[in-house]
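Please read it alongside the sequence and the coordinates.

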Amino acid sequence: MNAIELIAEKAMESAASGLFDADCSAPPPSPCIGVCRMDAGGGYCEGCFRTLDDIRDWSAAGPAQRRAIWAALLHRAGLDGIAARP
């Protein structure tokens, strides 16, 4: 599996568990897949698609901020809407 497929799988599991729902008090899991290297432009991690700021802020982020980080990284990965639930 490539990074995008791994992120998509992790996002779908989290969405199915309700962890991306706005009223969920539990934080979504870290999107880290263990491929920790920045893209050539230094904009985001090639594994989880988070920026350095996202990675730095993750530990202290609450559930809502973590969902926002997930939304942004899914957008960067070209996976918009994958976390949406009907």
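## Helices and selected residues

Helix α1 is made up of 14 residues and reaches 20 Å from its first C-alpha to its last, which is close to the 20 Å expected at 1.5 Å a residue. The model is a predicted one, and the values below should be read with that in mind. Within α1, the residues Ala3, Ile7, Ala8, Ala11, Ser14 and Ala15 are buried. Viewed down the axis of α1, these buried residues fall within an arc of 130°, so they line one face of the helix. The partner of that set is α3, against which the buried residues of α1 pack.

Helix α3 likewise has 14 residues, and the reach from its first C-alpha to its last is 20 Å, close to the 20 Å expected at 1.5 Å a residue. Its buried residues are Arg66, Arg67, Ile69, Trp70, Leu73 and Leu74. Seen down the axis of α3, they fall within an arc of 160°, so they too line one face of the helix. Ala64 and His75, on the other side of α3, are exposed. The buried residues of α3 pack against α1 and also against α2, which covers residues 52–58. After α3 comes glycine 78, whose phi is positive, near 80°.

| α1 | 14 residues | 20 Å | 130° |

How do the axes of α1 and α3 lie relative to each other? Two packed helices are described by the angle between their axes and the distance between the axes. For α1, residues 3–16, and α3, residues 63–76, the axes come within 11 Å and cross at roughly 145°. The crossing in which α1 passes α3 is left-handed. At this contact, Ile7, Lys10 and Ala11 in α1 meet Trp70, Leu73 and Leu74 in α3. Sorted by class, the contact of α1 with α3 has five nonpolar residues, no polar residues and one charged residue.

Glutamate 5 also belongs to helix α1, but it is partly exposed, with a relative accessible area of 41%. Along the chain glutamate 5 and leucine 79 are 74 residues apart, while their C-alpha atoms are separated by 9.8 Å.

Turning to the loop between α1 and α2, phenylalanine 49 is located there. Is phenylalanine 49 buried or exposed? Phenylalanine 49 has a relative accessible area of 7%, and it counts as buried because that value is under 20%. The backbone of phenylalanine 49 has a positive phi of about 65°, although this residue is not a glycine.

Isoleucine 55 has its place in helix α2. With a relative accessible area of 33%, isoleucine 55 is partly exposed. When residues up to four places away in sequence are not counted, isoleucine 55 touches Cys45 and Arg50. For isoleucine 55 and cysteine 45, the separation is 10 residues in sequence and 9.0 Å in space, C-alpha to C-alpha.

Conventions. Residues are numbered from 1 along each chain as its sequence is written. This is a predicted model: local features need pLDDT of at least 70, side-chain atom pairs count only at pLDDT 80 or more; totals for chains, interfaces and linings use all residues. Side-chain values use heavy atoms; hydrogens and water are left out. Axes are lines fitted to C-alpha atoms, for helices over the stretch in contact, and angles run from 0 to 180 degrees between N-to-C directions. Helices (H or I, at least four residues) and strands (E, at least two) are DSSP runs, numbered from the N terminus. A crossing is left-handed if the near helix is turned anticlockwise from the far one by less than a right angle, and right-handed if clockwise. Contact means heavy atoms within 4.5 Å. Ala, Val, Leu, Ile, Met, Phe, Trp, Tyr, Cys and Pro count as nonpolar, Asp, Glu, Lys and Arg as charged, and the others, Gly among them, as polar. The expected span of a helix is 1.5 Å times one less than its number of residues. Buried means under 20% relative accessible area, exposed over 50%, partly exposed in between (1.4 Å probe, protein chains only). The arc is that of the directions from the helix axis to the C-beta atoms.
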